[in-house]
Amino acid sequence: MGPEPQQSLARLGTDYIDLYWIHNPADVARWTPHLIPLLTSGKVRHVGVSNHNLSEIKLANQILGEAGFRVEAIQNHYSLLYRSSEQAGILDYCRNQGIPFFAYMVLEQGALTGKYSPDNPLPEGTNRAQAYNGMLAQLKGLTDKLASVGRSQGATAPDVATAWAIAKGTTPIVGVTKPYHIDGLVRASSITLTSDDIAELEALADAANVNARGWWEREMAV
Ligand SMILES: NC(=O)c1ccc[n+]([C@@H]2O[C@H](COP(=O)([O-])OP(=O)(O)OC[C@H]3O[C@@H](n4cnc5c(N)ncnc54)[C@H](OP(=O)(O)O)[C@@H]3O)[C@@H](O)[C@H]2O)c1
């Protein structure tokens, strides 16, 4: 919300924002204090931060904490191919602090659905083709395993990739583009993955040896 929050609220046709996401960590120390009057007045009910590393999350939490508020949601790229938030300790931090972690791009924009392959690549000329078409051959072992785990439970590869993110304690945000994708989300919520399934999927993801970091993301290492 800009310098005139009242005008932003009026344009949105609401009196308050339920969850205000800070999309990127431009300058946590500089901008976070500006949220406090909005939280105090009730114009913003909850604050979440996206694409922040662990020290940035802690700093935002500390600044809000001094005023009696806290970071109440995290949203980072997290998928079988991109587990930087786990490796950097952000998932553990969220679990310990009781902060929900929202995983975005759990399907790597379609590359983990098994629908795309070197013979049937993502549509040329799109950003996702540029990001993923060069790695589709390496993803076959992983997507085949996702599909076979899915078959054993009446589900599909993307359902299992989503179920994996749920099993890791996150709440996936999936970009559905077709009505039947919603059925996949429903199935994903009832898939049971064993620790062996999870270990095998993660080993195949590591073996693919690809870097799925988005162009807008910085390294998560603290
Ligand atoms: N905070 C951030 O910086 C940030 C960055 C990126 C994304 N996000 C959030 O994350 C959300 C998801 O990201 P995303 O849409 O880019 O990637 P995604 O969820 O990894 O992938 C979405 C793609 O997967 C395919 N798909 C989805 N459900 C499917 C299903 N059940 N079966 C088969 N294919 C399925 C669709 O491909 P087809 O269309 O080819 O069928 C869709 O375009 C976004 O909407 C956004 O809210 C946040």
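Here is a short chat about the ligand and its pocket in this predicted model.

Student: Which residues come nearest to the ligand?

Tutor: Start with the shell, which holds 23 residues around the ligand. By class, that shell divides into nine nonpolar, ten polar and four charged. The ones that come nearest are Lys115, Tyr116, Gly175, Thr177 and Lys178.

Student: How many Å separate a backbone N or O atom of Gly175 from an oxygen atom of the ligand?

Tutor: A polar side-chain atom of Ser50 lies 2.9 Å from a ligand nitrogen atom. Glu108 uses a backbone N or O atom, 3.1 Å from an oxygen atom of the ligand. Gly175 also brings a backbone N or O atom to a ligand oxygen atom, and the distance there is 2.8 Å.

Student: What share of the ligand's exposed area does the protein bury?

Tutor: Picture the ligand taken alone first: it exposes 910 Å².

Student: What is the volume of the largest pocket?

Tutor: This is the space taken by the ligand. Its lining counts 25 residues, with Leu107, Thr113, Val174, Gly175 and His181 nearest the centre. Sorted by class, the lining has eleven nonpolar, nine polar and five charged residues. As for the volume of the largest pocket, that is about 540 Å³.

Student: And which element gives the most to the lining of the largest pocket?

Tutor: Look at the elements that give two or more residues to that lining: they are α9 (157-167) and α10 (179-188). With five residues, the one that gives the most is α10.

Key. Residues are numbered from 1 along each chain as its sequence is written. This is a predicted model: local features need pLDDT of at least 70, side-chain atom pairs count only at pLDDT 80 or more; totals for chains, interfaces and linings use all residues. Side-chain values use heavy atoms; hydrogens and water are left out. A residue is near a molecule or strand if one of its heavy atoms lies within 4 Å of it. A polar contact is a pair of N or O atoms within 3.5 Å; within protein, one must be able to donate a hydrogen and the other to accept it, and residues adjacent in sequence count only if both atoms are side-chain atoms. Accessible areas come from the Shrake-Rupley method with a 1.4 Å probe; for residues, only the protein chains shown count as cover. On a 1 Å grid over the protein atoms alone, a cavity is a set of points where a 1.4 Å probe fits but cannot get out, and a pocket is an open set with protein on both sides within 12 Å along at least five of seven lines; lining residues have an atom within 4 Å of a point. A molecule sits in a cavity or pocket if more than half of its atoms lie within 2 Å of its grid points. Ala, Val, Leu, Ile, Met, Phe, Trp, Tyr, Cys and Pro count as nonpolar, Asp, Glu, Lys and Arg as charged, and the others, Gly among them, as polar. Grid points are joined across faces, edges and corners, and a volume is the space filled by probe spheres set on the points. Helices (H or I, at least four residues) and strands (E, at least two) are DSSP runs, numbered from the N terminus.
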